[in-house]
Amino acid sequence: MCPCEHQESLVLSAKFFLSYLKAPGLVGAIAPSSVFLAKALCQHARGARHIIELGAGTGAITRYLREKFPEVTLVVVEQDGPMAAALERRFGKGIVVADTIQSRQDLIKGIPDQSVVVSSLPFRSLPETIAMPVIALLRDFLLASPERRLVQYTYGQRVPFRSPHRALVWKRQNLVLRNIPPAWIWTLQQSDTKHKF
Ligand SMILES: C[S@@+](CC[C@H](N)C(=O)[O-])C[C@H]1O[C@@H](n2cnc3c(N)ncnc32)[C@H](O)[C@@H]1O
């Protein structure tokens with residue numbers, strides 16, 4: 001990492017920590033995702049024609065999604081105003097939506113079958129009034145096609161949230177130790193899918 005990148009990363013981490021102090025339940029972590037977590041998450045988005053990233057925060061994951069899948073349509077959703085503005089400056093206005101996903105459900109409707117949602121949303125600490133409509137939206141997104149997948153990480157061993165439908169099954173993928181705190185990657189998709197990305 002060059003000195004200017006290191007400085008930028010320190011500034012982003014400080015901003016992230018401030019946003020955590022402002023709204024701990026919505027942010028759900030004290031530090032941005034590590035490079036190792038971001039790269040591991042990208043592995044599970046392979047094969048997608050369209051990617052939606054939920055709760056992009058500092059853009060630590062966005063950066064690798066952009067790098068790894070330059071041909072794929074990417075939409076990035078972030079509810080925190082200053083963080084969304086910084087994402088827009090870095091990745092361009094076209095891909096960043098400065099809003100909550102529950103108030104922009106249109107983003108998930110009418111997209112290709114081969115779509116993947118990569119989520120950093122902290123479901124365990126989100127207020128129920130937010131978590132419930134978002135989980136219902138993700139359920140409908142996944143049930144609409146066996147080719148779709150949710151990629152989510154958590155800081156504990158428990159599933160990120162209970163599967164919202166019997167046809168949808170969580171699979172625990174890898175543990176990423178080099179993250180603060182260490183994170184498990186999970187995928188949720190239709191149980192009888194033959195589609196392996
Ligand atoms: C764990 S943090 C993101 C970490 C991110 N991967 C990073 O490295 O910066 C979760 C993010 O989700 C955002 N968020 C929480 N609820 C949201 C919602 N309903 N819609 C969109 N973004 C949301 C928060 O503002 C926060 O930036």
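Biologist: What makes strand 2 (residues 73-77) largely enclosed by the rest of the structure?

Modeller: Four of the five residues of strand 2 are buried, so the strand is largely enclosed by the rest of the structure. A residue is called buried if 20 or more other C-beta atoms, placed from the backbone, lie within 10 Å of its own, exposed if 12 or fewer do, and partly exposed in between. Helices (H or I, at least four residues) and strands (E, at least two) are DSSP runs numbered from the N terminus. The model is predicted, so that local features need pLDDT of at least 70 and side-chain atom pairs count only at pLDDT 80 or more, whereas totals for chains, interfaces and linings use all residues. Residues are numbered from 1 along each chain as its sequence is written.

Biologist: How do you know in which sense strand 1 (residues 50-54) and strand 2 pair?

Modeller: Pairing requires that DSSP finds at least two bridges between two strands. Strand 1 and strand 2 have five bridges and run in the parallel sense, with Ile-51 opposite Leu-74. Five bridges also join strand 5 (residues 149-154) to strand 7 (residues 183-190), but these two run antiparallel, and there Leu-150 stands opposite Leu-188.

Biologist: Why are strand 3 (96-97) and strand 6 (168-176) said to stand at the edges?

Modeller: The seven strands form an open sheet of mixed pairing in the order 3-2-1-4-5-7-6. Strand 3 and strand 6 each have a single partner strand, so one side of each is left without a neighbour in the sheet.

Biologist: What makes a set of residues a nonpolar core, and which residues have the most contacts inside the largest one?

Modeller: Such a core is a set of buried Ala, Val, Leu, Ile, Met, Phe, Trp, Tyr and Cys residues joined through C-beta atoms within 7 Å. The largest has 43 residues, and those with the most contacts inside it are Leu-41, Ala-45 and Val-118. Contact between two residues means that their C-beta atoms, placed from the backbone, lie within 7 Å. Not counting residues up to four places away in sequence, Ala-45 touches Ile-51, Leu-65, Phe-69, Val-116, Val-118 and Val-151. In helix 3, Leu-41 is buried, as are Leu-37, Ala-38, Ala-40 and Cys-42, and the buried residues of this helix pack against helix 4, strand 4, strand 5, strand 6 and strand 7.

Biologist: How do you know whether the peptide bond from Ile-180 to Pro-181 is cis or trans?

Modeller: Its omega is near -15°, and the bond is cis. Most peptide bonds are trans.
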